[in-house]
Amino acid sequence: MRPTAKFSISFGLVTIPVAAYNATDTSASVSFVRIHTADGGRVRNQPVCSLEGVEVSPDEIGRGYRPHDADVVVPLSDEDLDALPLPTAKTLTILAFVAGGDIDPLQMGKGYYLATDSPAAAKPYVLLREAMERHERVGLGKIALHGRETLAMIRPMGDALVMQVLLWPHQIRPMDGVLPEREVEVHPNEVAAAETLMDSFGELSEEDLHDHYREALDELVSAKLAHREPEFDTGEEQPSGGQVMDLMAALQDSVRAAKRSRGEDEGDEGRAAAKRPAKKAAAKTSTASGTKTGTKSGTKSGAKTASGAATKSAAKKSTAAQSATKKTAAKTTAKKKTAGRGSRRAG
C-alpha cells in the first residue's frame, strides 16, 4: 500500500513526520459502467473543448477557477498554486483538543491511517496517541491535501493514529424544511416502548455487516453469462412498509418480532396488553365504561333485587313449612293420646 501524502503533525513544539494511507477502499463498492443499449458498447466521457468542439489530450488540460460573482474562468498554473501562502501544505498543526462527541458526524469525510515516516517519529507518535486516549480527546487542525486546505481530526484507534477529513462548517446545509410542520407530542409510554424495541435489537453480527446486494449482483451476472436463472438467497421476508395507524401497537409488535427472530420467549402477553397506548386505552375505557357500568350496575341492582326477593320468598316458604310441620305433629300427638285413653277404658 502506497501513501497518498506525507506531512508532519505539529503538536506544540513537537513535530511528528507521518505518511497517510487510504483507510477505505472505494473499489470494493458496487459500480456500473454506462453502455449503449442498442449494441452494448461502452459510453465514455471524452474531454471536449466547449469552444472548438474537439477532443482534448490530457497534456492540454489545465486548471481554472470561476469566481462566485463572475461568469468567467481564470486559468491557474501549477506555479500559481505553489506560490500561495499555505502553511498547511506540509504540516498539520493541531489547533485544539476536544471531545469526540463535539464533532458533528455530518462533517466527517474520508479517513486515513497515519504511520510514522522516520524512526525518530516513533516516540512522539506513541506519546500523542496515548495522551489523547487517556484524556479522551481528539485533535483538530488544518491540512492541505491534493491542493486544497481542509479541516482534519486526529484520533487514536487501537495502536495507531487515524486522520479524518472534515467538511468546513459552511459546507453543512441548514435544516430548513426538514423538521415537521407542526409540533408533535410524544407520550412517555411511547418513548419507553421505543427504548424497549431498541434494547431488543441486540448486538451486531458479522452477517449484519455483509454486503448482500453485491453478492446478489454477482449471482445475477454469473447467471446471465451462463444463460440460466439466478438463484437468490432471499432469507427472511422483510416486513412491508405501510401507514402506521397505531404507533404503540406497532412498537410492541416489533419487539415481539425481534424476540421471535432470535428464538427468545415473547414474555407474558398480559404485560404487553397492559402497555396499550394511552389514547387507545382511554377510548376503550370511555366506550366500554358506559356500557359496562350500566350493565354491571343494572345487573348488580337486578341481581340484588332478585336475590332479596328470592330470599324473602324462601324465608316465607320455610316459615310456612315449619308451621305446617308443627301443626301436623300436634295433631298426631293428640290422636295418640286419645287412642291411648280409649284402649285403657276398654281394658
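Two residues are in contact when heavy atoms of theirs lie within 4.5 Å. This term is used throughout the following report on a predicted model, in which local features need pLDDT of at least 70 and side-chain atom pairs count only at pLDDT 80 or more, while totals for chains, interfaces and linings use all residues. Residues are numbered from 1 along each chain as its sequence is written, and side-chain values use heavy atoms, with hydrogens and water left out.

## Overall architecture

The protein contains 7 helices and 9 strands; these are DSSP runs numbered from the N terminus, helices being H or I with at least four residues and strands being E with at least two. Of its 347 residues, 17% count as buried. Buried means under 20% relative accessible area, exposed means over 50%, and partly exposed lies in between, with a 1.4 Å probe and protein chains only. Among contacts with a separation of 6 or more, 58% are between residues 24 or more positions apart.

## The nonpolar cores

A nonpolar core is a set of buried Ala, Val, Leu, Ile, Met, Phe, Trp, Tyr and Cys residues joined through side-chain atoms within 4.5 Å. The largest one has 20 residues, of which Phe7, Ile9, Leu92, Leu114, Ile154 and Met163 touch the most other members. At least two residues each come from strand 1, strand 2 (14–22), strand 5 (91–98), strand 6 (108–116), helix 2 (122–135), strand 7, strand 8 and strand 9 (160–166). Another core, of 6 residues, lies apart from it and includes Val98, Leu151, Met153 and Leu166.

Beyond its neighbours within four places in sequence, Phe7 is in contact with Ile16, Pro17, Val18, Ala20, Lys90, Thr91, Leu92, Leu114, Ile143 and Met163.

Tyr21 belongs to strand 2, and Lys123 belongs to helix 2. The table gives a partner for each residue.

| Pair | Separation in sequence | C-alpha to C-alpha distance |
|---|---|---|
| Tyr21 and Tyr113 | 92 residues | 5.1 Å |
| Lys123 and Ile16 | 107 residues | 9.1 Å |

Leaving aside residues within four places in sequence, Tyr21 is in contact with Met1, Arg2, Pro3, Gly111, Tyr112, Tyr113 and Ala115. Lys123 counts as exposed because its relative accessible area is 70%.

Thr150 lies in strand 8 (residues 148–157) and is buried, with a relative accessible area of 11%. Its side chain reaches the backbone oxygen of Leu166 at 3.1 Å.

Gln164 is part of strand 9, and its relative accessibility of 12% makes it buried. A polar atom of the Gln164 side chain lies 3.0 Å from the backbone oxygen of Gly109. Apart from residues up to four places away in sequence, Gln164 touches Met108, Gly109, Lys110, Gly111, Leu151, Ala152, Met153 and Arg155.

Methods. Polar contact = N/O pair within 3.5 Å; in protein donor to acceptor, adjacent residues only side chain to side chain.
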